[in-house]
Amino acid sequence: MSAATLTGERRGAAGEPVSAPDEDRRGAPRWPRILLRSLVDLVLVVWLAATIAFLALRLIPGDPLDVLLSGVQDATPEMRAEIAAHYGLDRPAIVQYFGYLWGVVQGDLGTSYHRGSPVTQVLFSELGPTVELTVAAMLVAVVAAVALALATSGQRPGVRLAAQGLEVVAVSVPSFWLGIVLMTVFSFGLRWVPAFSGDSPAGLILPVVTLAVPLVGVITQLLRERVEHQLHEPFVTTVRARGVSEARLRSQHLLRHASVPVLTLSSIIFGSLLTGTVVIETLFARPGIGRVIVLALQDRDVPVVLGFVVFAAVVFIVINTVVDLLLPLIDPRLKGA
């Protein structure tokens with residue numbers, strides 16, 4: 001009787017370890033636990049994010065009522081009192097805080113001071129360009145990182161050293177500086193692509209490259225390390241003994257196992273990009289949610305800022321939940337982990 005039989009370990013045809021289904025180990029599927037945990041995380045993270053943002057905005061010098069009346073000359077005390085009552089600014093801070101939390105529970109993030117529209121409408125009206133930019137940058141970064149990691153992993157020290165040097169440079173270059181250089185060379189110099197054209201596909205090229213370059217450096221480093229670690233696993237010898245080519249070994253077997261930590265990191269990066277593209281959107285004069293938040297901070301539009309914080313918290317929790325559900329499909333060894 002083999003050791004695998006004694007220990008209950010299962011192995012696939014290529015000799016790769018495969019765990020027993022999660023239902024066999026704990027008697028219940030894995031996804032309900034993930035969803036329940038994510039729901040608890042969502043409540044806690046949204047509460048903490050909204051609380052910290054509310055306190056931070058309260059500490060900023062200035063009165064939101066003065067901002068609301070900035071375009072009104074000779075505002076009377078009666079007018080100030082009426083506007084303060086309309087927006088709830090005449091209530092104590094603790095009452096405003098719990099009132100806002102109750103609104104969040106009901107899906108009401110308030111009304112923008114300056115736009116006069118619901119905060120959800122303000123955010124989602126500008127979300128499309130940001131999602132377009134973020135998804136395109138992530139796709140370019142992941143494809144480039146996979147190609148570079150597979151091509152340079154397990155190679156001669158000189159090749160790996162050159163690749164690592166380029167990755168360090170890519171990670172270290174500030175995004176705004178890289179964007180200015182790309183704009184100067186390819187837009188103003190060579191005139192290959194427009195610098196300020198948010199509506200055309202060509203206008204998306206430079207912002208996408210500017211966002212993707214630092215991501216390529218980070219993802220390639222992690223992916224190469226994991227691929228080289230997998231090269232020393234016993235199943236690699238089994239796969240090679242079956243006559244599988246090196247390219248197929250790397251792309252089908254090593255990449256699948258090495259992609260687990262990369263997928264986790266990419267989910268964090270994607271959430272950060274989706275809620276933090278303000279520098280790139282401002283530099284290339286693109287519409288998007290980042291510019292909305294900058295204007296809201298400048299104008300002290302408290303409901304929009306608080307709504308963005310809650311939105312960002314929800315985005316991170318949703319993305320992490322999706323990744324947790326996908327990981328066991330990529331690597332069966334994670335079932336029941």
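Which residues are buried in helix α15? The model is predicted. In α15, which spans residues 289-299, the buried residues are Ile289, Gly290, Val292, Ile293 and Ala296. These five sit on the same side of α15, because they cover an arc of only 160° around the axis.

**Helix α15**
- An α-helix has 3.6 residues a turn, so residues three or four places apart point the same way.
- Arg300 follows α15 and has a positive phi, near 55°.

**Nonpolar cores**
- The largest nonpolar core contains 39 residues.
- Tyr100, Leu123, Leu306, Val310 and Phe311 have the most contacts inside this core.
- At least two residues of this core come from each of α3, α4 (64-68), α6 (93-105), α7 (119-125), α13 (246-275), α15 and α16 (302-330).
- The helix that gives the most to this core is α16, with 12 residues.
- A second core is separate and has 38 residues, including Ala141, Leu150, Ile219 and Leu249.

**Contacts of Leu123**
- Leaving aside residues up to four places away in sequence, Leu123 touches Ile289, Ile293, Gly307, Phe308 and Phe311.
- Of these, Ile289 and Ile293 are among the buried residues of α15.

**Surface patch**
- A nonpolar patch on the surface is formed by Leu36, Leu39, Val40, Val43 and Leu44.
- Together, the residues of this patch have about 470 Å² of accessible area.
- Leu39 is part of helix α3, which covers residues 31-59.
- Leu39 counts as partly exposed because its relative accessibility is 49%, and the partly exposed class lies between under 20% (buried) and over 50% (exposed).

Notes:
Residues are numbered from 1 along each chain as its sequence is written. This is a predicted model: local features need pLDDT of at least 70, side-chain atom pairs count only at pLDDT 80 or more; totals for chains, interfaces and linings use all residues. Side-chain values use heavy atoms; hydrogens and water are left out. Buried means under 20% relative accessible area, exposed over 50%, partly exposed in between (1.4 Å probe, protein chains only). Helices (H or I, at least four residues) and strands (E, at least two) are DSSP runs, numbered from the N terminus. The arc is that of the directions from the helix axis to the C-beta atoms. Patches are made of residues with over 30% relative accessible area and no salt bridge: like charges are joined within 9 Å, nonpolar side chains (Val, Leu, Ile, Met, Phe, Trp, Tyr) within 5 Å. Accessible areas come from the Shrake-Rupley method with a 1.4 Å probe; for residues, only the protein chains shown count as cover. A salt bridge is a side-chain nitrogen of Lys or Arg within 4 Å of a carboxyl oxygen of Asp or Glu. A nonpolar core is a set of buried Ala, Val, Leu, Ile, Met, Phe, Trp, Tyr and Cys residues joined through side-chain atoms within 4.5 Å. Contact means heavy atoms within 4.5 Å.
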